[in-house]
Amino acid sequence: MTLSASELPESCRQRARELYEQQRDQNNRSVDRIMAILMVVQWVFGVIAALVISPNTWIGETSQTNIHVYAAIFLGGLLSAAPIAMTIVRPGEKITRHVVAVSQMLWSALLIHLTGGRLETHFHVFGSLAFLAFYRDWRVLISASVVVAADHLIRGIYFPQSVFGIATASDWRWLEHTAWVVFEDIILIRMCIRSTEEMKEIAARTARAEISHELTEEEVRTRTAELQVALGHAEAANRAKSAFLANMSHEIRTPMNGVIGMTELLMGTDLGSEQRQFAQTIQSSADSLLTIINDILDFSKIEAGMLHLESLDCSLRDIVEEVGQLFTSAAHRKGIELVVSVPTSLPSVLADPVRLRQIVTNLTGNAVKFTDQGEVMIRVEVKEQTSERLGFRLVVEDTGIGIPPERREAIFSSFTQADGSTTRQYGGTGLGLTISRTLVERMNGTIVVESEVGKGSRFIVDLDLPVGEPPAAPPNGKIRGMRILVVDDNATNRHILEANLQAWGCVVTSCERATRALSLVQDKEFDLVLTDYLMPQMDGIALAREIKALGLVRELPVVLVSSAADIRPRKQWSELGLRTWLPKPVRQSQLLQALQQISGGRPSGRPERVATGIAEGNFGLKVLLAEDNDVNVIVASRLLSRLGCAVTLANNGAEAVELSGNQDFDVLLMDVQMPIMDGMESTRQIREREKETGKHVHIIAMTASAMEGDRESCLAAGMDDYLSKPIEMRVCRSKLEELALSTAVVNG
């Protein structure tokens with residue numbers, strides 16, 4: 001049974017009144033802000049209306065500004081100023097609501113006057129009353145209605161044309177208009193009263209819930225106080241641990257960038273055999289430390305609930321074979337065999353390839369580490385396969401030391417190993433299996449271990465994943481001579497795409513509007529449409545739909561380019577009329593692969609002028625390096641110099657903005673955390689400036705922040721790519737090489 005407000009205990013009634021007043025005050029303040037904005041809009045509209053309807057008054061051949069214009073500017077400004085001032089000085093108060101109501105109705109009177117009493121303008125009165133009803137105070141409507149009635153009465157008698165639009169009017173005409181206002185008032189007042197009652201009921205229910213909760217808490221508080229305190233301390237410690245691990249990971253990765261980068265630079269110099277051995281030891285130790293850091297980082301993501309899995313088309317065979325190759329050298333050094341067994345007819349699956357590879361890597365790494373003789377086998381077995389799902393078993397088996405029965409479950413716990421003694425032989429954090437189990441369970445799979453001490457262990461992972469896209473057929477046609485329509489509203493993007501395509505012998509037609517593209521595909525024959533996603537009037541997806549709806553005799557493939565790849569599921573591509581989706585800036589290799597798949601062939605070869613110099617590592621790029629850490633500056637500068645790049649240094653984001661505005665650069669390597677202005681803000685300012693200049697500099701983030709969402713934040717700020725520290729030379733070289741190839745084609 002629900003008690004009425006009068007039947008509630010006094011403490012509950014008092015709390016209900018407090019909640020009601022709080023909600024009422026929040027509502028009044030919110031409506032005050034809305035009405036203040038409305039006052040400004042009405043003033044601007046009134047001035048424009050006066051200038052459009054009757055800007056001038058003519059006396060013979062002489063004209064002067066109509067008094068209506070002055071009335072709109074000054075009288076309208078006065079009508080808006082008072083309520084705006086009240087909403088700022090005394091927000092939420094009763095007097096403010098009535099001042100707003102009176103001013104709003106006077107604005108209705110002014111607009112009616114400025115339009116010569118047109119009937120359409122009278123609807124402003126009804127709209128104003130509806131806005132005022134948001135206050136949920138019926139008294140405000142009374143004040144407003146009195147102003148309307150008085151205005152129509154006085155002006156109806158003395159200035160009927162300004163209010164009714166006619167020179168003479170009945171003495172009772174004002175009463176007719178007032179009656180309509182009263183009719184609306186009746187409806188709105190009823191709604192205000194009902195809304196107020198509902199607010200009171202909600203406040204009473206909330207108060208009852210709070211009181212009941214307090215009583216319940218009071219009953220159990222004495223018995224659970226110690227438990228609550230202990231739980232709070234544990235949760236706080238857990239959160240602090242996760243935050244500490246994440247922060248420490250960031251701080252460690254920064255000097256690690258210097259260690260690994262300097263070692264790679266040192267390995268590229270002339271060293272004696274002993275010196276090279278020392279450098280290789282440093283590099284091996286740094287790689288081991290980086291592995292530990294990555295484990296700690298992944299564990300902190302799991303602890304903080306920030307681990308998210310992608311769903312991408314990936315080859316299970318490639319992943320397993322790549323991991324096998326990764327550990328070939330380690331197995332060879334230990335004198336053990338590493339065997340990989342994968343079915344020949346294994347389809348691709350939809351999964352997170354990075355995390356899937358991490359599972360295989362962790363299990364294989366442990367197997368190699370704990371095996372001193374014999375072999376390690378990575379095996380994939382198909383359990384069940386349909387057209388939509390693939391159920392498979394991943395088995396990593398070794399002939400190592402084995403795991404005692406009492407330790408088999410413990411090894412999946414954090415920071416735990418099979419041998420946890422102080423005399424243990426094998427190192428590691430004990431996080432690999434913890435992370436692997438979490439990843440497998442997040443994929444709705446299972447992982448178990450079978451082991452016998454002295455004979456070895458077998459880790460079994462069972463997964464059931466969606467089947468991905470079938471593998472593409474080998475190219476058997478030619479792309480030279482393909483007729484391609486390029487659609488992009490950005491002239492620079494069009495030029496780059498045209499240059500790439502023409503270098504491969506394609507016949508290119510381009511336009512900047514999707515509407516123009518629709519006309520072209522109906523007048524000419526094309527083999528492919530390459531369109532941008534975000535364009536004015538009609539975007540790339542809408543264009544693809546329109547082309548598909550044309551019902552052309554021969555289906556016209558559409559390739560979409562966007563700053564975010566695969567933002568729609570692949571199963572929706574055909575429904576949208578798309579063949580594929582390429583990320584911006586479009587890489588030549590990706591574009592070429594798309595053309596090969598569509599045409600069924602391969603290009604005749606890269607132009608010789610593009611390969612000259614770049615194949616030798618002389619990229620010839622003008623690079624702006626934004627970095628405040630001295631060690632990182634040395635590492636990056638030396639690396640870029642070895643790749644034939646001209647480097648300009650910016651010590652912070654503000655300098656990067658200034659330098660990129662004064663000089664042209666091919667690429668900007670941007671650190672994220674810098675003094676004065678960070679990399680995010682610097683990128684945003686550069687992108688804002690590029691909207692006016694039409695240019696686009698390629699910006700790559702270089703940051704020690706590797707938590708979930710860091711990459712997405714960089715891309716959202718306007719960066720084109722992302723590198724996490726420590727920077728791997730081969731990864732950096734690969735990205736710059738692709739950029740150098742693109743620049744060479746455009747400028748060649």
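**Helix α15**

I looked up which residues of helix α15 (residues 540–549) are buried, and found Gly540, Ile541, Leu543, Ala544 and Ile547; buried here means under 20% relative accessible area, exposed over 50%, and partly exposed in between, with a 1.4 Å probe and protein chains only. Seen down the axis of α15, these buried residues fall within an arc of 160 degrees, so they line one face of the helix, the arc being that of the directions from the helix axis to the C-beta atoms. I note that helices (H or I, at least four residues) and strands (E, at least two) are DSSP runs, numbered from the N terminus.

The model is a predicted one, in which local features need pLDDT of at least 70 and side-chain atom pairs count only at pLDDT 80 or more, while totals for chains, interfaces and linings use all residues. Residues are numbered from 1 along each chain as its sequence is written, and side-chain values use heavy atoms, with hydrogens and water left out.

At the N-terminal end of α15 I found Asp539 as the cap, with a side-chain oxygen 3.2 Å from the backbone nitrogen of Ile541. After α15 comes Gly551, whose phi is positive, near 65 degrees.

**Positive phi outside glycine**

Gln537, in the loop between β12 (528–532) and α15, has a positive phi near 70 degrees although it is a residue other than glycine. At 71% relative accessibility, Gln537 counts as exposed.

I then turned to Arg136, which is not a glycine but has a positive phi of about 60 degrees. Arg136 lies in the loop between α4 (119–132) and α5 (138–158), and at 26% relative accessibility it counts as partly exposed.

**The five-stranded sheet**

I traced an open sheet of five strands in the order β4-β6-β7-β9-β8, with mixed pairing; two strands pair if DSSP finds at least two bridges between them. The edges are held by β4 (337–341) and β8 (446–452), each with a single partner strand, so one side of each is left without a neighbour in the sheet. Neighbouring strands of this sheet are turned by 15 degrees against each other on average, direction ignored.

For β8 I recorded seven bridges to strand β9 (residues 456–466), the two running antiparallel, and the bridge partner of Ser451 in β9 is Ser457.

Helix α11 (residues 353–369) packs on the sheet and touches β4, β6 (375–385), β7 (389–398), β8 and β9, where contact means heavy atoms within 4.5 Å. The direction of α11 makes about 20 degrees with that of β7; axes are lines fitted to C-alpha atoms, for helices over the stretch in contact, and angles run from 0 to 180 degrees between N-to-C directions.

Terms used:
Polar contact = N/O pair within 3.5 Å; in protein donor to acceptor, adjacent residues only side chain to side chain.
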